[in-house]
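Student: I am new to this structure. Please take one part, the place where the ligand sits, and go through it closely.

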Amino acid sequence: MYYNWKENTNTEELKVVCNLIKNGEIVIFPTETVYGIGANAFDEKAVGKIFMAKGRPSNNPLIVHIADKQKIYEIAKDITEVEQKLIDHFMPGPFTLILKKTDKIPNIVSAGLDTVGIRMPDNVIARGIITFSGVPIAAPSANVSGKPSGTMVEDIRRELEGKVSAIVDGGESQIGLESTVVKVIDEIPCILRPGAITPEQIEEVIGIVDFGNGIFAPVEEDEKVESPGVKYKHYAPNKPAQLVYSEDEKDLIFGINRMIKELKGDVVVLGFDEHKEQIVVSEHRFICLGSKDNLKEIAQNIYSALRKSDELLGELVIIEGVKRDGLGIAIMNRLLRSCGYNYWEF
Ligand code: TXA
Ligand code: MG
C-alpha cells in the first residue's frame, strides 16, 4: 500500500503501518537522511525479508532505529564516556553509533558481529512509526543493493514496489545522504562512513576524530574493515562514470570539455548550475546537481541525479566533484564510490 503523508501524518494509517511492523511485515518509510526499509529489529523472520527485498548480502549488518534514548540501554551495553558524549550531542540526527550489542538484537541484524549500529532519526514520520510500533526498527536504505539510496518515493516505487507491505511517502529526503557512521575505538571516534555530521563537529565535542579505511580509496578484498558496507559496490549508475575536480574552475571546465570532445558528445554530465552554459554538451544530457557553493543542495540531489543518468544514453557519465571539506567529505565519498574510484584532478 502507498500512503501519502507529505503534508501530515494520517493517524488511522499510522496505526495500520505500525500493525504491519508488529506483525512481522516490512515497510518503507522516510527519515531525514534517506528512506529506509524497516522491520521489527527483534523479529528475525521479518528482518530476513529486508535482506530478500534488497538482495543484500547477509554479512552486511543493519542499523537499528529508535525514537527514545532509553532504548539504547536495552539493545546496547558497556557504553563508554566517549560514546555517551556522542549520544548526548548527536542523537537525534543523521548519526549512527556502533555499540556493543546485547542478546536482544538477533544475529541477522548485526550480521554475526557483536556490535549494533544505533540511530535516532530526526524526522516526525520515522519517530511516529518507531514509537507506535513499540519496537526498535532495523532498516537499511530503501534501494536494491548496490543502487543509490532512495531519496524520493517515485524512484523507490520503481525499484521496490511489490516487495514490501507499505510505502510511506514523506516527500523528498531533507539531507539526501545516509547518516555518519561512527565507532569508538580506543576512546577515539572513528568515522566509518561520512555524512551530514561532519568530522569537525565530532572533533569539537570529543577533541579528536579518526577515519576508517575505504572512505576515499577502495579496500582490498582481504583487507580488514570495521564496516562491512565499505566492501560493496555502491551507489553505482549502470554505465561507466568519471569523477573530476579542480581547485581552478577554468581548468575544470576545460578538462570536461576536452573529454566531451573526445567522446564526440556521447556523454552525460552531472554538473553545477553555474557551469551549464560553459560545458559543451547538449542540454538534455546535462543533469544539474545544484549550485556549486551549496553543498546541502548538492547532497540532496546526488542520488536522484545518479538515477536520472541511468535513463539517458551515453558512453560515460562525467561528474563534477567538490572540495573535501565539511559536508564535501561525505559528498566526495559517495561520488568516488559511485564512480568505482575513477577520479581525475585537473
Ligand atoms: O541514514 C542512514 O543511515 C539510513 C537511514 C535509513 O537510517 N540507513 C542506511 O543503512 O544507510 P544502510 O544499511 O544502507 O547502511 C548502513 C551502513 C552499512 O555500511 C553497514 O555496513 C554499516 O552501516 N553498519 C551497520 N551496522 C554495523 C556494525 N555493527 N558495525 C559496522 N558497520 C555497521
Ligand atoms: Mg545502503
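Tutor: In this predicted model, an oxygen atom of ligand 1 lies 2.9 Å from a polar side-chain atom of Arg-193. Arg-119 also places a polar side-chain atom by the ligand, 3.0 Å from an oxygen atom. From the side chain of Asn-60, an N or O atom is 2.6 Å from an oxygen atom of ligand 1. The protein buries 97% of the 680 Å² that ligand 1 exposes when taken alone.

Around ligand 1 there are 26 residues, and the closest are Thr-33, Asn-60, His-65, Ser-179 and Gly-229. By class, this shell has eleven nonpolar, ten polar and five charged residues. Strand E4 (63-65) and strand E7 (115-119) each supply at least two residues of the shell. The largest share, four residues, comes from E7.

Ligand 1 sits in the largest pocket, which holds about 770 Å³ of space. The lining of this pocket consists of 48 residues, and Arg-56, Asn-60, Pro-61, Arg-193 and Ser-227 lie nearest its centre. Of the lining residues, 19 are nonpolar, 18 polar and eleven charged. Elements that each supply at least two residues of the lining include E4, strand E6 (95-101), strand E10 (180-185), strand E11 (188-193) and helix H11 (327-338). E7 gives the most to this lining, with four residues.

Methods: Residues are numbered from 1 along each chain as its sequence is written. Chains are lettered from A and ligands numbered from 1 in the order in which they are written. This is a predicted model: local features need pLDDT of at least 70, side-chain atom pairs count only at pLDDT 80 or more; totals for chains, interfaces and linings use all residues. Side-chain values use heavy atoms; hydrogens and water are left out. A residue is near a molecule or strand if one of its heavy atoms lies within 4 Å of it. A polar contact is a pair of N or O atoms within 3.5 Å; within protein, one must be able to donate a hydrogen and the other to accept it, and residues adjacent in sequence count only if both atoms are side-chain atoms. Accessible areas come from the Shrake-Rupley method with a 1.4 Å probe; for residues, only the protein chains shown count as cover. On a 1 Å grid over the protein atoms alone, a cavity is a set of points where a 1.4 Å probe fits but cannot get out, and a pocket is an open set with protein on both sides within 12 Å along at least five of seven lines; lining residues have an atom within 4 Å of a point. A molecule sits in a cavity or pocket if more than half of its atoms lie within 2 Å of its grid points. Ala, Val, Leu, Ile, Met, Phe, Trp, Tyr, Cys and Pro count as nonpolar, Asp, Glu, Lys and Arg as charged, and the others, Gly among them, as polar. Grid points are joined across faces, edges and corners, and a volume is the space filled by probe spheres set on the points.
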